[in-house]
Amino acid sequence: MLAVLALASLISGCAQQHSTRYKGLAAYPSVVETFASQKVTVVAHRGCWKDAPENSIAALRSCIAMGVDMAEIDIRTTADGSLILMHDGAVGRTTDGEGLVEQYTLKEITQLHLRSGKGGRKAPVTDHKVATLAQALAVSDGALLLNLDIKQADPAAVFAAVTAAGAERRVLFKSGAPPADAALVGRPYHGKSAFMPVIKNCPIGGSQRPCAPNLPDAVASYGHLVPAAYEIVFDDAAFLQTSGPALAASGMELWVNSLYPRISGGRSDAMAIGDPGAVWGSLIEAGASIIQTDEPAALLAYLARAGLR
C-alpha cells in the first residue's frame, strides 16, 4: 500500500510539474508542441535511410516528403573543428573513404561519396556527399524537427551552430549523463532548446551504469532540467509497462526505440513489419508517445490505420 501511495504521489507531482514547466513555451514551441499535439510522434533513425544514405541531406528530404515528425542525426567533429553528420568514428562503412572522421578536414570529408542505405563495403557508392550540421539545419527548417545525437563534438559548439541557424526551437538535445552530472547541468542549451535524458533499466547484476532501478524515480530525478521527453532504453518489458501508462497519463512524453529487441523490451522493427500491433501497439499501450524507428513509412501507415495519426 505504501508503495502504491508513493507512486500516486510521484505521478501527481509529475502532472503538476508538466502543467507548469512549459510556461516559457516560446523558448521552443516546435518540439514541445509537436510532442503535445501528436498522439504518437514518429522519429526516423539516422534519417529515412531506406530511400537514401543514412545521415544524408537526401535522407532528411525523404523524411520531409514522407511526413515524418523528427529525424535523428549523428554529429561528429572534423580535424579543423567543423560539425558533420556521421554515426561511426571511421568513414569506411558509410563512404568510399578510409580512416577516422577526426583525421579529415571539412574540405576533405565533404569530397567523400556516401554509400547507399546503411552502408557497408558491398553497398553501392552514390553521388551524395557527407553532410554538415549547418546543411541539415537549413534543409529541415520549417519542415522537420531534428534530434541531435552528439557522438563526438562539444555541445557548446553544436548549440552555437543551432543558434546561428535560428534553430533553437526545432531541435532536441539528448544525453545519457546522470541528473547530477555538473557538466550536464551546465550545458548551454538548457532553457533554450528542448532536452531529453536517456534512462536505462538496470540489467541483472547492475553492470550497466548509469542505470535506473525503476522508471518513476528516474523520471523525477531529472525534473530540475525540465525535459521535453524521456528516452527509455530497456531490455525488460516490465520496466516500462509497470509505470509507463500512469506516467503518460500524467502528461510525461515517453520516447522508445523499436530498433532492436534489446533496447525495447524484446520488440523490434523487424517484428513490427509482420505484426505492428504486437510491437508498436504494445509500446503505445505501455505509455510510449514517441517512437524512433528504422521503418518510418510502415509506422506512419500503422498509426493511420489505428486512428493514432
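Q: Which residues line the largest cavity?
A: In this predicted model, the lining of the largest cavity consists of Glu54, Asn55, Leu85, Met86, His87, Thr94 and Leu114.

Q: And by class, what does that lining have?
A: There are 3 nonpolar, 3 polar and 1 charged residues in the lining of the largest cavity.

Q: How much space lies in it?
A: The largest cavity holds about 30 Å³.

Q: How many cavities of 30 Å³ or more does a search of the whole structure find?
A: The search finds 1.

Q: Switching to valine 256. Where is it?
A: Valine 256 sits in strand S10, which covers residues 254-257.

Q: Buried or exposed?
A: Valine 256 is buried, because its relative accessible area is 0%, and the cut-off for buried is under 20%.

Q: What is it in contact with, leaving aside neighbours within four places in sequence?
A: Valine 256 touches Ile232, Phe234, Leu240, Leu283, Ala288, Ile290, Ile291 and Gln292.

Q: How far apart are valine 256 and glutamine 292?
A: Their C-alpha atoms are 6.3 Å apart in space, while in sequence the two are 36 residues apart.

Q: Which ones?
A: The buried residues of H12 are Pro276, Val279, Trp280, Gly281, Ser282, Leu283 and Ile284. Leu283 is also one of the contacts of valine 256.

Q: What covers them?
A: The cover includes helix H9 (237-241), S10, helix H11 (269-274), strand S11 (288-293) and helix H13 (296-305).

Q: What about glycine 287, what is its phi?
A: Glycine 287 follows H12 and has a positive phi, near 115 degrees.

Terms used
Residues are numbered from 1 along each chain as its sequence is written. This is a predicted model: local features need pLDDT of at least 70, side-chain atom pairs count only at pLDDT 80 or more; totals for chains, interfaces and linings use all residues. Side-chain values use heavy atoms; hydrogens and water are left out. On a 1 Å grid over the protein atoms alone, a cavity is a set of points where a 1.4 Å probe fits but cannot get out, and a pocket is an open set with protein on both sides within 12 Å along at least five of seven lines; lining residues have an atom within 4 Å of a point. Grid points are joined across faces, edges and corners, and a volume is the space filled by probe spheres set on the points. Ala, Val, Leu, Ile, Met, Phe, Trp, Tyr, Cys and Pro count as nonpolar, Asp, Glu, Lys and Arg as charged, and the others, Gly among them, as polar. Helices (H or I, at least four residues) and strands (E, at least two) are DSSP runs, numbered from the N terminus. Buried means under 20% relative accessible area, exposed over 50%, partly exposed in between (1.4 Å probe, protein chains only). Contact means heavy atoms within 4.5 Å.
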